[in-house]
Amino acid sequence: KNAQYDSISKKNDQMLALVAICVAFHPTRLDDTIHTALREKYGEQLNRIQRGGPESLPIFEELFRAACPRFISPTPPDFDHPHLNVDPVEHQLAIFMEDVKNNMYSPTVRSYLKLYTTMDLTKLAGFLEVDAETLRSWLLVNKQRSRQIRHSEGGLLEGDVVNSSDLDYAMQGDLIHVSEAKVGRRLVDWYLRNLARTY
């Protein structure tokens, strides 16, 4: 019984670490119970990875190592040349960390974009101390990543392309037009949860 509880507790911790990584990559509103559990388990680490920047890299690595599944190598090991064998966890970690480095400044860019409705690309590049063309390519890639197909009807892969982020922007030459979708609180859930606590 105790081993089963430990196993469930470990899986819960892994799941919360993966949720922390996902929320850092794509900020979204969580259910209050999940958010509370996440804050209790990974409060300081979550704050640091949500801020982004180079100081968040070791935390991403630590959370990934703690939460990643067991990876297996698609090729059999080379017993004649063991130094050529690649550890599957290290390989997947390298791929993951490359993606983290590409998104490292995403929270900073989002915070600047939330302050403006229109902004010049060179002005934002000056704030971030990067080249304007590098920033342009990053913004276009990030915009493409935030799009998803929302299924409405028809075939499995059919649907409407929508923005999954609360922040949307469009580029017209060197001008960035920003629009922010305000997500209201789900008050019904909050009232029901607090009503259940009082009675």
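How many cavities of 30 Å³ or more does the count come to? The structure is a predicted model, in which local features need pLDDT of at least 70 and side-chain atom pairs count only at pLDDT 80 or more, while totals for chains, interfaces and linings use all residues. Residues are numbered from 1 along each chain as its sequence is written, and side-chain values use heavy atoms, with hydrogens and water left out.

Confidence is expressed as pLDDT, the predictor's confidence in each residue, from 0 to 100. The protein has a mean pLDDT of 84, and 93% of its residues reach 70 or more. Helices are DSSP runs of H or I with at least four residues, numbered from the N terminus. Confidence is highest in helix 3 (residues 57-67), at a mean of 92, and lowest in helix 8 (residues 187-198), at 70.

Rolling a probe the size of a water molecule over the atoms shows where empty space is left. A cavity is a set of points, on a 1 Å grid over the protein atoms alone, where a 1.4 Å probe fits but cannot get out; lining residues have an atom within 4 Å of a point. Grid points are joined across faces, edges and corners, and a volume is the space filled by probe spheres set on the points. The count comes to one cavity of 30 Å³ or more. The volume of the largest cavity is about 60 Å³. Its lining includes Phe25, Ile49, Phe60 and Met104. Helix 1 (2-25) and helix 5 (106-115) each supply at least two residues of this lining. By class, seven lining residues are nonpolar, three are polar and none is charged (nonpolar: Ala, Val, Leu, Ile, Met, Phe, Trp, Tyr, Cys and Pro; charged: Asp, Glu, Lys and Arg; polar: the others, Gly among them).

Six aromatic pairs are found in the whole structure (rings of Phe, Tyr and Trp, the last by its six-membered ring, with centres within 6.5 Å; planes under 30 degrees apart count as stacked, over 60 as edge-to-face and the rest as tilted). Phe25 and Phe96 form an edge-to-face pair, at 6.0 Å centre to centre and 75 degrees between the planes. Phe25 lies in helix 1 and Phe96 in helix 4 (residues 88-102), so this pair ties together parts 71 residues apart in sequence. Phe96 is buried, with a relative accessible area of 13%, whereas Phe25 is partly exposed, at 27% (buried means under 20%, exposed over 50%, partly exposed in between, with a 1.4 Å probe and protein chains only). Phe25, Phe60, Phe64, Phe71 and Phe96 form one aromatic cluster.

Terms used
On a 1 Å grid over the protein atoms alone, a cavity is a set of points where a 1.4 Å probe fits but cannot get out, and a pocket is an open set with protein on both sides within 12 Å along at least five of seven lines; lining residues have an atom within 4 Å of a point.
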